[in-house]
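Subject: A structure for you to look at

Hi,

Here is the structure I promised to pass on to you. Have a look around it first, and then read my notes below.

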Amino acid sequence: MKRRSFIQVSTWGSLGLILPIYSCNKNGFKKLDLKSMTEFEKQSFNLLKTWCDAMIRDQVNNPNDSVTDGALYCYACNVVHGRCNDAVYPFMYMADVTGEQKYLDAALKLMDWSVNVDNPDGSWTNMIDPKSWNGITVFGAIALGEALHHHGHLLSKELKEKWDTRLKAAIEFVYKKFDMHFSHINYRFTAIYALYFLGKYFKEEKYIVRSKEFVTLIPEYLTTPNKLIFGEDKPDNDKSAKGFYPVDLGYNVEETLNALVQYAVLEKDEELLVLLTESMNGHLEFMLPDGAWDNSWGTRQNKWSYWGSRTTDGCQPAFSLMANRNAAFGTAAVLNTELLERCTVNGLLAGGLHFESHGVKPCIHHTFSHAKNLAFVLDNTAHIKNVNKATPIPRSSKDGVKHFAELDVWLASRGPWRSTVSSYDQIWKKKYSVAATGGSLAVLWHEKVGPLFTASMAEYLLVEDYNQQPQPEEGFCLTPRVERFVDEVWYTNIHDLKAKVSVIDTKETIDFTIDAVLTNREKETLKTAGNIKLNYLFDKEKTTIKAVRTASNFNKDTLVLPLVSASGEKVAQLTEYKIAIHKKEGVVVINANVPLIIKKHNRERIFNQVPGMEVVPILAMFPEGVKEVICTIKII
């Protein structure tokens, strides 16, 4: 049932306030001079236009249904995502710089629809359900605030007043509801910018004072030594058995850091900008050379979408605004935007590289969230300098191994290979949504063909019912592993939260050794024959994976290698021991000392929403009498 708007307006349009776009703007449009734009600005504008046009295509036009009319419909999830009114900002930006009426019409219709997610306390809800989560009001307030701040001149005086009134109610809710312990850390840190920005907008000092109270929390939520933001779980400072705080890379780089940087730049807080530069340096270590954020291990990995995280907003504001302090930040912004382009399907941002090849529809939430941040970048070009790809990011140039002691995650680089090994033992919501752990090879990436392994959840669970896209078919874990089934119970090293990892770098070869125990989802280990030793070896020519059993009854174990490969890539079983996968950029050749089997499936490829990849599931089973399985991977 449709809810009454907080400001008691049934429809914006019915008030007779909608004027032709050229009449609304007395000062003229923000003329877009494509010739004077940088390549990054052109790239951002073209992608934003693509997304906005696709969102307008999917905007509901059904005056007979007030609950959906004007909303952005998600054909992937078959729902209306309550946060879709965030798209008011990119629509208003496009209306202003192009002068096209369709963008303003879309913004007006969307705000008209938004009464369906209004609550009497000034909040918006995550779904068309007054009992659903309303903390997301802080993001909606920023989006509407940016739209009014930069483009409010497109509206008549009366309509702007109505939108200002609604915005004031939203930020007042944030002021009253958010405290020092509210939800996960991304909410409190986003509130820093929301309260400060809208405190300035409304000339409301109490918002600014509250913003600065939240600022004092920032040093308390940074890890040592790499200053990664933690707090993405409840409790937000609860340590794991190994003593690690809950850290999620996707939320940090695509949401939390943005708000902190936006506040610090606006306030000209030099001390905070220096601290944020250090923090961003730590986070940047996890960007892969193709612009992907390696969130294979994060606490909220259930939403990892290769370029970032499902319902967050994108890394572009923070990394472009700070490019004057580290040019590699600008490189990161460009690389990630290029990846967003590659993952755009039929005008909408898909959650990974292989949605199109597997025939999976992209969720519209990705698009309206990330469109906001491209609009912000384009509205703030005067503050953005040195955004290009001239300076390499760390994983493009470094060689060797870096251990993140606050995570028990290792990043390795040797020649063309990039890899991530994880025994991070923080579990989101303390249940079964296990990300890469157990000493798993969470990521394997090659500079010629890109990703070869990308860890998924151990089991794809809808941990957040409204914020995850359902699997299109039966789930299959994409994390490389050793596994055994006992009475249909799955035992694997990737459930072992106590796995031990050591590494030796001879300068020729990086050699990881993992001691783990085959463990089930309840964290029960096999009483006998549960120990497994793994080695990951990287040299310039190849990657080698070894699995060694130390007990006698090892013939039921299997080394599972879910190799990333899109539908249509030729797969050839050259011999019983060798498989070749033909990609456009090169041929991936897998050799083993035991027979290799491709797991049968009802589709050409197995697909997993985390991180939006298709794989060829290659199995190397321990034959009777063989204690060691050795697989090598080369690119030719």
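Predicted model: local features only at pLDDT ≥ 70, side-chain atom pairs only at ≥ 80, totals over all residues.

Let's start with the helices. Two packed helices are described by the angle between their axes and the distance between the axes. Helix H2 (residues 39-57) packs with helix H3 (residues 88-98) at an angle of about 115°, and their axes are 10 Å apart. Angles of 65 to 115 degrees count as roughly perpendicular, so H2 and H3 are roughly perpendicular to each other. Their crossing is left-handed. On the H2 side, the contact is made by Phe45, Leu48, Lys49, Cys52, Met55 and Ile56, while H3 brings Pro90, Phe91, Tyr93, Met94, Val97 and Thr98. Sorted by class, this contact has ten nonpolar residues, one polar and one charged.

Now for the cavities. How many of 30 Å³ or more does a search of the whole structure find? There are three.

The largest cavity has a volume of about 170 Å³. It is lined by 15 residues, and the closest to its centre are Ile142, Gln262, Asp313, Lys372 and Asn373. Helices H5 (137-151), H9 (249-267) and H14 (364-379) each give two or more residues to this lining, with H9 giving the most, five. The lining divides into six nonpolar, four polar and five charged residues.

The second largest cavity has a volume of about 60 Å³. Its lining includes Trp304, Arg310, His366 and Tyr460, and divides into three nonpolar, six polar and two charged residues.

Enjoy exploring!

Best wishes

How values were computed:
Residues numbered from 1 in each chain as written. Heavy atoms only, no water. Axes fitted to C-alpha atoms, helices over the stretch in contact; angles between N-to-C directions. Helix = DSSP H or I, 4+ residues; strand = E, 2+ residues; numbered from the N terminus. Parallel < 35°, antiparallel > 145°, perpendicular 65-115°, else oblique. Left-handed = near helix turned anticlockwise from the far one by under 90°. Contact = heavy atoms within 4.5 Å. Nonpolar A, V, L, I, M, F, W, Y, C, P; charged D, E, K, R; others polar. 1 Å grid on protein atoms, 1.4 Å probe; cavity = no way out; pocket = protein on both sides within 12 Å on 5 of 7 lines; lining within 4 Å. Points joined across faces, edges and corners; volume = space filled by probe spheres on them.
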